[in-house]
Amino acid sequence: MTRRTSLAAIAATLIAAGALALAALPGAAAVAAAACTSGSLSLVHKGQLTVATDAPAYPPYFENNKPANGKGFESAVAYAIAGQLGFPSSKVKWTVEPFNDSYAPGPKSFDFDINEISITSARAQAVDFSTSYFNNPQAIVVVKGSKFQHATSLAALRTARFGVQVGTTSLSAVTAEIHPTSQPQVFNSSNDVVTALREHLVDAIVVDLATGFYLTSGEIPHGTVLGQFNAPGGDSWGLLLAKHSKLTPCVDQALAKLRSSGKLAAITKRWMQSGAGVPVLK
Amino acid sequence: MVILGVALAILLSPGWRTVREKFLSWHFFKMSLSSLPTGFWVDVRMFLIIEAIVLVLGLAIALIRTLPAPVLFPVRAVAVVFVDVMRGVPTLILLYIFGFGFLALGFSFIPGDETILGGAALACSYSAYVSEVFRAGIESVNPSQPAAALAVGLTRTQALRYVVLPQAIRAVVPPLLNDFIGLTKDVALVSILGPQEIARIAQINADYYFNYTPYVAAAVFYLVITLPLIRIVDHMRYRGLQRQNALVLM
């Protein structure tokens with residue numbers, strides 16, 4: 001096949017994909033700006049939006065470990081962004097990207113990664129972040145009957161043994177805000193953190209507040225959210241994209257629209273419990 | 001020439017700048033030099049303690065398996081099952097079972113300390129391997145040796161102690177050291193149970209800054225321990241060959 005015909009074939013596919021998107025979602029495609037419609041985007045796989053998250057995908061961000069069911073906060077956000085970019089749900093493909101690999105140099109296997117990733121300036125040296133779609137403070141979870149159950153300040157928790165998940169901002173939050181007397185225990189997954197608390201390997205665990213609500217409503221029935229506090233510099237979550245991705249301005253544009261239309265707030269309200277009732281520890 | 005060519009190819013590769021920035025950043029390397037040593041100390045202590053246990057337990061299992069008396073069959077059977085299971089199950093899964101599973105049983109005599117539980121898992125796993133090494137060493141001693149020892153009036157225990165074991169252990173020192181090189185690196189697996197050892201601290205830093213240099217720095221720390229061990233193994237092989245006048249064949 002000559003170069004000329006292959007280019008023509010690509011163009012034809014792109015036009016077809018664009019037409020398909022227009023036919024399926026005329027409203028969404030029409031509002032998206034010319035540069036950010038599904039047909040003109042540079043994507044990892046032609047004609048589809050490839051979205052990544054880690055496995056297992058935990059509630060309340062995903063439900064039943066199935067990102068493609070549209071349920072759970074981050075799944076809903078991803079589909080809303082896809083809609084803004086002109087992709088019908090059927091053109092959104094999910095792929096598993098372990099958090100540790102998400103910032104590896106070289107070509108990415110996803111268009112964007114949505115995995116409760118905190119935006120920091122150090123990380124932004126290596127990857128692109130979208131604007132923030134959620135702010136999540138840190139929560140301290142203990143089991144009922146623990147000697148720390150009635151702690152009312154961070155200082156009262158200094159002698160507790162803490163458990164956190166690796167790669168989260170919870171570790172730096174504990175170190176910087178609580179200054180515990182013993183080194184926090186660091187685990188591979190959220191499940192291991194929970195097991196450690198259940199089996200009293202640790203006195204308290206620190207997770208993001210939404211996860212704290214989820215854990216104490218089911219997985220740790222004897223657990224209670226003792227209080228919330230802020231990691232240094234806050235904790236804003238963004239989509240992760242390849243450094244200098246051409247898609248970054250487009251997802252930012254999509255997020256801005258979701259914000260101004262109130263859709264992002266509606267999704268947040270639908271899936272995330274308000275933290276207003278939880279005491280802020282200092 | 002070949003090495004030079006490969007080095008040149010790497011340096012001229014289109015991604016070299018990215019690799020240098022993401023894996024070999026001097027800035028993050030220096031940062032690692034200050035944060036990694038505390039974690040490395042955790043590894044070294046675990047390694048030394050586990051290694052001592054493994055040597056004793058491994059030799060004990062090997063001796064049990066070579067016991068000839070028919071009445072001791074149940075003891076031998078337990079040793080065989082232990083070795084089979086501990087060698088057959090991936091170390092990572094053993095660690096989860098020891099670390100989280102045993103605690104869930106709720107016995108008060110099981111220590112609620114993840115370093116001890118993880119260390120016990122590694123000690124069991126490596127004892128199984130090492131017992132096989134010892135057994136191979138014992139079996140490599142020519143049967144005429146213990147026979148001669150018994151003939152000159154030594155008891156079975158004395159024959160084992162003064163004739164068989166000295167020859168067996170000398171033969172297996174290089175493979176033993178080989179297993180210990182493996183152990184120095186596997187202690188990092190205990191980090192899945194919570195302790196902040198060197199590989200975990202490297203991971204924390206890499207995840208925090210989105211830069212892989214801390215892993216490279218951790219690798220350098222490991223080499224400081226493993227390289228001398230590797231040289232000792234080589235030297236002992238050479239000495240062994242020398243002793244048997246086998247160098248001329250090489």
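## Strands of chain A

Two strands pair if DSSP finds at least two bridges between them. Strands here are DSSP E runs of at least two residues, and helices are H or I runs of at least four, both numbered from the N terminus. This is a predicted model: local features need pLDDT of at least 70, side-chain atom pairs count only at pLDDT 80 or more, and totals for chains, interfaces and linings use all residues. Residues are numbered from 1 along each chain as its sequence is written, and chains are lettered from A in the order in which they are written.

In strand 8 of chain A, A:Ala204 is the bridge partner of A:Phe162. Strand 8 (residues 204–208) of chain A pairs with strand 6 of chain A in the parallel sense, over two bridges. Strand 7 (residues 185–187) of chain A also pairs with strand 6 of chain A in the parallel sense, over three bridges. There, A:Gly163 has A:Gln185 as its bridge partner.

## Two helices of chain B

Helix 3 (residues 26–66) and helix 10 (residues 213–243) of chain B cross at roughly 50 degrees, and their axes come within 9 Å. Axes are lines fitted to C-alpha atoms over the stretch in contact, and angles run from 0 to 180 degrees between N-to-C directions.

## Where the chains touch

In chain B, 21 residues are in contact (C-beta atoms, placed from the backbone, within 7 Å) with 25 residues of chain A. Helix 9 of chain B gives the largest share of chain B's side, six residues.

Definitions and conventions. Two residues are in contact if their C-beta atoms, placed from the backbone, lie within 7 Å.
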